[in-house]
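Me: I'd like to learn how to read a protein model, one feature at a time. Could you walk me through this one?

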Amino acid sequence: GTSYTDAQNTGITATATATPSTICAGASTSLSVTLARSGNATIGTGTGTNSTSSAVSAWFGTWFGNGHAQILILASELTAAGLKAGNLTGLNIPITSTGSPTTLNNYTVKIGATSATAITTFQAPTFTTVWGPTNFTPSVGTSSFTFTTPFNWNGTSNIIIDYCYAN
């Protein structure tokens, strides 16, 4: 297909595909166009806190030797934030303080689609590893994870973010 990007003005990428791909004078051709908009969305308030007495579910719970947790995000929360079906390509986590040890070994972030509306035990959907495993040192400010493999969200499923590290 042929792609045109007008990101500097609108952030929209249009991709057109002709069927058949070779266009001949007088022949019928179908043209399919896909529009995609990139951008950011905020899920939640960004005001949650953890302490040394918090459960291991803290994003960067460095006071534990190892950590593994999952977060459920409902499709309704994603759509309310303005997201549409397509690739999720990154995640930003605000950090106000760090613990010790500061480096989290083999930090890994995975995302999977689910129909679950609540989770009380670990879930096992088909996960896509979107970041890591790599040693990661969180710092005060916003920790940004640009996914090495995007997660293609279908626009209707809830998602589970699964993260772990092994110190």
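This is a predicted model: local features need pLDDT of at least 70, side-chain atom pairs count only at pLDDT 80 or more; totals for chains, interfaces and linings use all residues.

Me: How many helices and strands does the chain have?

Reply: You'll find one helix and nine strands. Starting from the N terminus, the order is β-β-β-β-α-β-β-β-β-β.

Me: How do the strands line up in the open sheet, and which ones are at the edges?

Reply: Four strands make up an open sheet in the order β4-β9-β6-β7, and the pairing is antiparallel. The edge strands are β4 and β7, each of which pairs on one side only. On average, neighbouring strands of this sheet are turned by 15° against each other, ignoring direction. For a detail, look at β6 and β9: they pair in the antiparallel sense over seven bridges. K110 stands opposite D162 in β9.

Me: Now the inside. Which residues have the most contacts within the largest nonpolar core?

Reply: That core has 22 residues, and those with the most contacts inside it are Y107, W131, F145, F147 and I159. Several elements supply at least two residues each: β4 (66–73), α1 (75–80), β5 (86–95), β6 (104–114), β7 (127–136), β8 (141–153) and β9 (158–166).

Me: I see aromatic rings there. How many aromatic pairs are counted?

Reply: A pair of aromatic rings is described by two things, the distance of the centres and the angle of the planes. In this model the count comes to eight aromatic pairs. Take Y107 and W131: their ring centres are 6.3 Å apart and their planes sit at 70°, so this pair is edge-to-face. Y107 is in strand β6 and W131 in strand β7, 24 residues apart, and the pair links these distant parts of the chain. Both Y107 and W131 are buried.

Me: What about Y107 and F136, how are their rings arranged?

Reply: That pair is tilted, with 5.7 Å from centre to centre and 45° between the planes. Because Y107 lies in strand β6 and F136 in strand β7, the pair ties together parts that are 29 residues apart in sequence. Y107 counts as buried at 0% relative accessibility, and F136 counts as buried at 12%. Ring pairs link Y107, W131, F136, F145, Y163 and Y165 into a cluster.

Me: And the backbone? Where is there a cis peptide bond?

Reply: Look between G132 and P133: a cis peptide bond joins them, with omega at about 5°. P133 is placed in strand β7. Another spot to check is N106 in strand β6. Its phi is near 55°, a positive value in a residue other than glycine. N106 is partly exposed, with a relative accessible area of 42%.

Me: One last thing: what share of the contacts with a separation of 6 or more comes from residues 24 or more positions apart?

Reply: Such residues account for 70% of those contacts in the chain.

Conventions:
Residues are numbered from 1 along each chain as its sequence is written. Side-chain values use heavy atoms; hydrogens and water are left out. A nonpolar core is a set of buried Ala, Val, Leu, Ile, Met, Phe, Trp, Tyr and Cys residues joined through side-chain atoms within 4.5 Å. Buried means under 20% relative accessible area, exposed over 50%, partly exposed in between (1.4 Å probe, protein chains only). Rings of Phe, Tyr and Trp (its six-membered ring) pair if their centres lie within 6.5 Å; planes under 30 degrees apart count as stacked, over 60 as edge-to-face and the rest as tilted. Two strands pair if DSSP finds at least two bridges between them. Axes are lines fitted to C-alpha atoms, for helices over the stretch in contact, and angles run from 0 to 180 degrees between N-to-C directions. Contact means heavy atoms within 4.5 Å.
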